[in-house]
Structures are given as C-alpha cells and as structure tokens.
Amino acid sequence: MKIIILGAGQVGGTLAENLASEANDITIVDTNIGRLRELQDRLDIRTVEGKASHPSILEQAGARDADMLIAVTNSDEVNMIACQIAQSLYNTPTKIARVREHDYLLKDKAIFTDKSIPIDVLISPEELVTKHIRRLIEHPGALQVLDFADGIAQLVAVKAYYGGPLVGREISYLRSHMPAVDTRVAAIFRKDRPIIPKGDTVIEADDEVFFIAAKKDIRAVMSELRRLDRPYKRVIIAGGGNIGARLAQNIESKYQVKIIERDIRRCNNLAKNLDNTIVLQGSASDKELLLEENIEDTDVFCALTNDDEANIMASMLAKRLGARTVMTLINNPAYVDLVQGGVIDIAISPQQTTIGSLLTHVRRGDVAAVHSLRRGAAEAIEAVAHGDKRTSKVVGKTIEEIDLPAGTTIGAIVRKDEVLIAHDDIVVENDDHVILFLVDKRKISEVERLFQVGLGFF
C-alpha cells in the first residue's frame with residue numbers, strides 16, 4: 001500500500017517503523033528536518049519536510065495516488081484540514097486522523113462526515129489509553145487486557161508466580177485441572193524471549209503468560225497462574241489532564257477515586273465536572289500529602305501527567321509508601337522496559353495503545369482488531385473469515401488443516417456470541433472472528449493473504 005503519514009512524532013515514527021517492515025511504500029511528512037533524517041537513516045521510507053496541511057506539501061508527498069493518509073501531527077486542526085484537502089483535491093480512499101480535543105469528539109457524528117470534514121477513521125489516544133487503564137483496574141494482577149469481538153473474548157497477560165497451581169506443570173494439565181473452563185495459552189515470554197506454547201510446555205515462575213478465554217472465565221484462569229488479587233477499591237490518580245480526568249469520570253461510580261492536580265484552575269474545573277471524585281490540589285511527589293491521603297491503603301496509584309520523569313518519581317514514592325499497585329504513563333519508549341517489573345508494576349505506553357488501533361485499518365483482508373503485545377514484540381489479530389470452501393483459504397477447513405505461517409497460532413474463534421477455544425478439529429465457518437497470534441511480525445502479509453477472499457466469492 002502507498003501510505004502517507006503526517007507527523008513524525010512518537011506515534012508517526014512507531015507507525016512508520018511497523019509499516020515499513022511490512023513492505024509498504026511509506027512517505028512521512030513533518031516540519032522537523034532532524035527527526036525526518038533520523039527516521040530515514042533507520043527505515044526504508046521517503047520523507048518530505050513541510051506543513052502537513054499545505055496542498056503543495058501533500059502533492060510532493062504523493063497524495064495524488066496514495067491509498068491512505070494517516071494524520072497524526074500534534075495539532076487536531078492540521079490533521080482535520082489535511083484530511084479535507086486529501087479528499088477535495090486527490091479523493092484519497094482512506095483518511096485516518098488523530099483527534100485529541102474532547103469537544104470535537106463529543107460532536108463527531110455531526111462534524112466528521114463526507115459533507116463536512118471527511119475523516120474515515122478517528123483515533124483518540126486519550127480515549128484508548130483510558131479504556132486500557134480501566135480494563136487493568138477491572139482485572140487486578142493483569143499486565144495487559146485486550147478485548148476481541150466487542151469484549152466477548154479477552155486476552156490477558158499475567159506474570160506466573162511461585163505457588164500458582166499451574167507453575168511447574170505442562171500446559172496440557174490446565175484442561176484436566178479445569179474441565180469446566182475452556183482456555184488456551186496463546187503465547188509465553190520468558191526472559192523477554194517468545195515461546196510458542198505446546199501441550200508439553202512447562203510454565204515457569206516469572207513467565208509472562210498470555211491466555212485467551214471468554215470474558216466470564218478470565219478470573220478463574222488467572223487464579224491458576226498467580227494468587228488471585230482481591231478486587232481494587234481505592235484509586236489515586238496523579239494528574240488531572242485529559243487522561244486523568246477521563247479515567248476518573250469512567251470509574252468514579254465503581255471505585256473510591258481521588259485525583260491530585262497541581263494547577264488550581266484545573267482543580268476547580270475537575271471539581272465542577274466530576275461527581276464522586278475527591279479533587280486534591282498539590283504535587284503527587286509530596287510525601288506528606290500522600291501519607292495524609294492514606295497511600296498505604298491505596299489499591300492502585302495511576303501516574304498520568306504529561307511528564308515521564310514526574311510520573312516515574314511519583315510512582316516510586318507511592319510504591320515505597322505502601323501503594324499496592326502502581327501504573328505509570330510513559331511516553332518515552334526507551335523508559336518503558338527500564339522501569340516495568342521493578343518498583344513500577346505496569347508501564348503504559350500511549351504509542352503502543354494507539355498503534356494497535358491504527359494498524360487495524362491498515363491490514364488487508366477483513367481485520368476487526370490488531371493489538372500490540374509486549375510493546376510491539378508480537379501481535380494479536382482478529383480477522384473475519386469470509387467465503388466458502390472454494391473461495392477462502394480458511395473457511396470449511398479444520399484449524400489443523402489451515403496452512404499457518406511459522407510462529408503463528410490460532411487462539412480462539414468467536415461465532416456470534418459463542419467463544420470457541422481453538423482445538424485442531426474445529427471447522428472455520430463464514431463470518432467467524434478468528435483470533436491469531438504472531439511472534440514474527442514479518443509473517444503478517446501471509447496471514448492477511450489467508451483471509452482475503454477469492455474473486456469467485458463476489
């Protein structure tokens with residue numbers, strides 16, 4: 001595909017890296033010549049220096065024959081205008097834009113239409129990150145929680161602990177030990193190395209285990225790998241910006257929420273818009289304030305300011321003072337691996353959360369969801385099977401008969417409202433949602449081809 005990416009920041013750069021490795025024709029536009037040079041030295045891409053919304057710059061970037069335009073600059077307005085121009089002048093088939101401002105998103109159905117601002121897909125990083133954190137709060141002990149088929153099936157990553165019933169045993173033991181619950185271990189990361197799980201694979205303590213199951217069965221499976229944490233009740237949010245405010249709004253009806261914000265005007269605004277959240281003015285790194293607010297009885301401390309260093313320091317202090325779980329928002333990818341698993345329980349990367357959502361719309365075939373695992377080390381894809389035995393490479397075949405690329409496994413199939421955990425004799429039907437795992441992302445195009453329908457189908 002010929003793809004133009006507007007904005008070479010963290011999201012634009014990470015996206016270019018993902019797509020360039022899959023043999024797409026990528027052009028990236030930005031005003032920062034130094035950043036463009038750095039990306040060009042590393043990746044096989046074209047770069048254009050200039051303002052992303054200017055018609056002459058879009059022309060230079062190849063908008064005339066581009067298949068897709070992805071606008072992820074730091075300005076909502078530039079992203080929106082660029083999509084408008086791409087439609088008006090070049091009739092670009094697919095236009096994706098990152099829009100952050102909540103005010104625009106509230107009226108999205110009226111604003112973002114072909115007759116006004118023609119954006120095919122809206123991406124809101126704040127909304128995606130908020131949902132991601134909320135799912136982690138709902139599943140104590142999980143490192144990652146991903147929804148498939150509108151949340152009917154979930155993929156959960158947990159760290160296997162000494163003393164868990166399954167630790168030190170073969171994966172095949174899980175079925176005999178829990179006959180009433182169907183689940184599948186989809187991937188294991190051991191010392192940062194991926195392992196394709198087989199029936200005789202033994203789970204070791206400290207393994208990061210990804211398993212898939214119906215949403216209702218998740219807690220039962222988690223209890224096999226680690227001591228089941230009691231549900232969270234008390235949450236402290238550090239930072240009352242877009243993400244902090246949204247998270248508080250999302251969870252305040254179920255949890256006891258406190259939010260710490262430095263800016264007094266922002267505090268007043270939060271107090272006005274939140275119903276059950278206690279708003280505190282001050283610094284999240286103030287030891288006295290944390291002790292006053294009973295940090296030692298806090299179940300989750302979420303550091304969500306725009307400053308990575310402030311988030312890391314506040315999280316380390318909260319953990320030392322007795323917070324049970326700390327989650328930290330980190331924009332710099334280099335920091336994420338440094339801090340997770342030490343004092344900080346979960347490092348949240350907005351880029352990785354956003355990238356999955358963008359990749360969903362770039363994949364060929366009917367792909368309903370793409371999720372990045374282990375900060376991009378692997379990928380989970382939800383693909384929809386179409387066709388019949390004659391026109392499809394998967395429909396009408398058992399899972400065992402499907403010619404999957406090396407390092408790829410099928411974890412589950414969602415058929416209407418039913419979750420079928422993948423066993424060799426299950427036959428794939430038309431309209432099934434097939435959930436696959438890839439530890440080698442170079443095989444993505446082969447997986448996409450599997451789910452493309454032959455012309456006879458039409």
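**Labels and their cut-offs**

Guide: Start with Glu293, which touches Ile236, Lys258, Leu280 and Thr298, leaving aside residues up to four places away in sequence. Contact here means heavy atoms within 4.5 Å. The model is a predicted one, where local features need pLDDT of at least 70 and side-chain atom pairs count only at pLDDT 80 or more, while totals for chains, interfaces and linings use all residues. Residues are numbered from 1 along each chain as its sequence is written, and side-chain values use heavy atoms, with hydrogens and water left out.

Visitor: Why is Glu293 called buried?

Guide: Its relative accessibility is 15%. Buried means under 20% relative accessible area, exposed over 50%, and partly exposed in between (1.4 Å probe, protein chains only). Glu293 is therefore buried.

Visitor: What makes the link between Glu293 and Lys258 a polar contact?

Guide: Their side chains are joined at 3.0 Å. A polar contact is a pair of N or O atoms within 3.5 Å; within protein, one must be able to donate a hydrogen and the other to accept it, and residues adjacent in sequence count only if both atoms are side-chain atoms. The pair meets that rule.

Visitor: What makes Asp207 and Arg190 a salt bridge?

Guide: The N to O distance between their side chains is 2.7 Å, and the rule asks for a side-chain nitrogen of Lys or Arg within 4 Å of a carboxyl oxygen of Asp or Glu. Asp207 lies in the loop between strands E10 (193-195) and E11, and Arg190 in strand E9 (183-190), so the pair ties together parts that are 17 residues apart in sequence. Helices (H or I, at least four residues) and strands (E, at least two) are DSSP runs, numbered from the N terminus. Both Asp207 and Arg190 are buried.

Visitor: Why is helix H1 said to be largely enclosed?

Guide: In H1 (residues 10-20), 9 of the 11 residues are buried, so the rest of the structure largely encloses this helix. Among them are Val11, Leu15 and Leu19.

Visitor: Which residues of the largest nonpolar core touch the most other members?

Guide: They are Ile133, Ile137, Leu155, Cys302 and Met327, in a core of 69 residues. Strand E11 (208-214) gives the largest share, 6 residues. A second, separate core has 46 residues, including Ile28 and Val395. A nonpolar core is a set of buried Ala, Val, Leu, Ile, Met, Phe, Trp, Tyr and Cys residues joined through side-chain atoms within 4.5 Å.

Visitor: How much area is buried between domain 2 and domain 3?

Guide: About 1200 Å², of which carbon and sulfur atoms give 74%. In domain 2, Thr130, Ile133 and Ile137 lose the most area to domain 3, together 44% of what that side buries. Buried area is the accessible area (1.4 Å probe) that two parts lose on being put together, summed over both. The domain bounds come from an automatic or database domain assignment, which places domain 2 at 129-225 and domain 3 at 244-352.

Visitor: How many salt bridges cross that interface of domain 2 and domain 3?

Guide: The rule finds 0.
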